[in-house]
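Good morning, and thank you for joining this group meeting. Please look at the sequence and the structure as they come up, and keep them in view while I speak.

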Amino acid sequence: MHNEYIVFVDHRFSKIVEKELASLPNCTIEAYKVRNNRKLNTLFFKVLANNNIDFEKVSKASAFIDFVIGVDFTLQINILDYQKIEEAIAKIINDSNAKTFKIEVKKIDFSSNETAKSIEVRLGRELEKRGYIANLNNPELIIYCLLLRNAVILGQPILDSKRTVLDLFRQANKEKEDFVNRAEYKLKEAAEAFGIDLSMHKIALDIGAAPGGWSHYILQHGVKVVAVDNALLDYKKFIGKRILIITNEKEKLGLDKIANVSIKEFGEEIEIGAYDLIHIKTNVLNEQIARLLNKLGKFDMLTIDTNTAPLESASIANKLAGFLTNNAVLVMTIKLISKAFSKHISEAVDELSKNYASIKIKKLPHNRQEVTLFATRKA
């Protein structure tokens with residue numbers, strides 16, 4: 001177990017996290033001074049902790065801690081000294097008895113023209129020359145190399161989760177997933193952070209769906225979707241999916257040439273089993289919505305990503321609770337419309353607690369002025 005950690009925090013929530021860390025017994029907290037910190041959007045706390053503290057538990061319990069590294073070595077160097085870094089990594093591998101390794105590099109305010117990727121490659125090759133075996137896909141040991149100001153910090157992941165990547169944004173660009181938009185990553189991260197097994201769900205209700213990122217992600221996991229939004233979705237992204245649009249503007253849409261899209265008006269008969277995605281093109285508060293949702297049956301998942309105030313989003317979730325099965329999953333973004341973050345969150349949670357239980361909050365990597373909420377429908 002480590003006794004030194006580097007904690008990554010979005011600067012907007014740094015005061016909240018600093019208070020959380022300060023409440024831990026026998027801990028020393030120090031913020032790294034980094035130039036252009038506001039531009040980086042991330043603060044880095046160095047924490048010297050009592051060995052009895054379970055930092056994995058601390059990190060999971062916090063809504064606002066982004067990432068934690070358990071530190072093995074801190075090398076105080078202003079320029080890249082590959083030999084020193086390789087020797088330190090070799091010791092980490094030897095001490096772990098791991099047969100294979102992978103190195104992840106992130107460079108923050110460090111004087112070097114080399115990219116993080118080129119540093120990773122060089123370190124990996126040099127260690128392979130020493131007889132160590134790199135495995136980029138399924139390594140036994142992941143070693144993080146954080147180049148932070150005038151130090152090289154080497155350590156290992158704290159959380160036993162699917163997040164084993166130091167730089168999620170670089171990884172996302174590398175994977176080049178066929179997502180509709182950036183918001184799709186938010187739902188992917190929520191599923192991983194909250195342990196949502198989409199294969200266990202049959203039909204989801206997606207509110208504020210346009211342009212369709214969350215609906216697209218859910219559909220990729222075999223779940224039917226009813227999407228509600230007054231704007232159009234990016235239907236061409238839904239390759240191989242049978243789509244129905246329900247609207248009062250049938251003649252105005254101009255979507256007749258999209259082969260997998262059918263259009264009906266409110267009041268027409270619908271065979272839900274004939275479609276993968278049903279887009280109800282109207283506002284969620286439209287009085288026709290309730291009658292239509294009643295016909296479509298009970299949903300076992302509700303997702304809400306609307307540009308509304310936290311209490312309004314929570315109110316929408318409560319109004320839709322009657323259309324959900326017992327223990328249905330809710331994933332909702334809470335827009336932080338002012339600096340009163342704690343107030344926004346507590347108001348939304350209080351409102352949702354009327355109909356939902358097991359409420360959890362997490363600031364996810366692709367969240368911007370928001371956090372993501374998970375809950376289940378009360379039985």
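Let me begin with a question: in which loop is R149 found? R149 sits in the loop between strand 7 and strand 8, where helices (H or I, at least four residues) and strands (E, at least two) are DSSP runs numbered from the N terminus. This residue has a positive phi of about 60°, although it is not a glycine. R149 counts as partly exposed because its relative accessibility is 32%; buried means under 20% relative accessible area, exposed over 50%, and partly exposed in between, with a 1.4 Å probe and protein chains only.

A word on the basis of these values. This is a predicted model, in which local features need pLDDT of at least 70 and side-chain atom pairs count only at pLDDT 80 or more, while totals for chains, interfaces and linings use all residues. Residues are numbered from 1 along each chain as its sequence is written, and side-chain values use heavy atoms, with hydrogens and water left out.

I turn to the chain as a whole. The protein chain contains eleven helices and 17 strands. Its C-alpha trace spans about 70 × 45 × 35 Å along the principal axes. Of its 379 residues, 54% count as buried. Contact here means heavy atoms within 4.5 Å. Among contacts between residues at least 6 apart in sequence, 69% join residues at least 24 apart.

Next, please find helix 4, residues 82–96. Helix 4 has 15 residues and reaches 21 Å from its first C-alpha to its last, close to the 21 Å expected at 1.5 Å a residue; the expected span is 1.5 Å times one less than the number of residues. Which residues of helix 4 are buried? They are Y82, I85, E86, A88, I89, A90, I92 and I93. As a general point, an α-helix has 3.6 residues a turn, so residues three or four places apart point the same way. The buried residues of helix 4 pack against several elements, including strand 4 (65–75), strand 5 (100–108) and helix 5 (116–129).

Axes are lines fitted to C-alpha atoms, for helices over the stretch in contact, and angles run from 0 to 180 degrees between N-to-C directions. On the helix 4 side, Y82, I85, E86, I89 and A90 take part, and they meet I119, R122, L123, E126 and L127 in helix 5. By class, this contact has seven nonpolar, no polar and three charged residues. Ala, Val, Leu, Ile, Met, Phe, Trp, Tyr, Cys and Pro count as nonpolar, Asp, Glu, Lys and Arg as charged, and the others, Gly among them, as polar.

Just after helix 4 comes N97, with a positive phi of about 65°. N97 is found in the loop between helix 4 and strand 5. Is N97 buried or exposed? N97 counts as exposed, because its relative accessibility is 66%.

Nine strands form an open sheet in the order 12-11-13-10-9-14-15-17-16, and the pairing is mixed; two strands pair if DSSP finds at least two bridges between them. The edge strands, each pairing on one side only, are strand 12 (261–264) and strand 16 (356–362). Neighbouring strands of this sheet are turned by 15° against each other on average, direction ignored.

Within this sheet, strand 11 (residues 243–246) and strand 13 (residues 277–280) pair in the parallel sense over four bridges. I246 has I280 in strand 13 as its bridge partner. Helix 9 (residues 287–296) packs on the sheet, and its direction makes about 165° with that of strand 13. Strands 9 and 10 run parallel and are joined by five bridges, with K224 in strand 10 as the bridge partner of I203. Four of the five residues of strand 10 are buried.

Helix 11 (residues 341–352) lies across strand 15 (324–335), strand 16 and strand 17 (370–377). Helix 11 runs at about 160° to strand 16.

Finally, A314 lies in helix 10 (residues 310–320). A314 counts as buried because its relative accessibility is 0%. Leaving aside neighbours within four places in sequence, A314 is in contact with M332, A348, E351 and L352.
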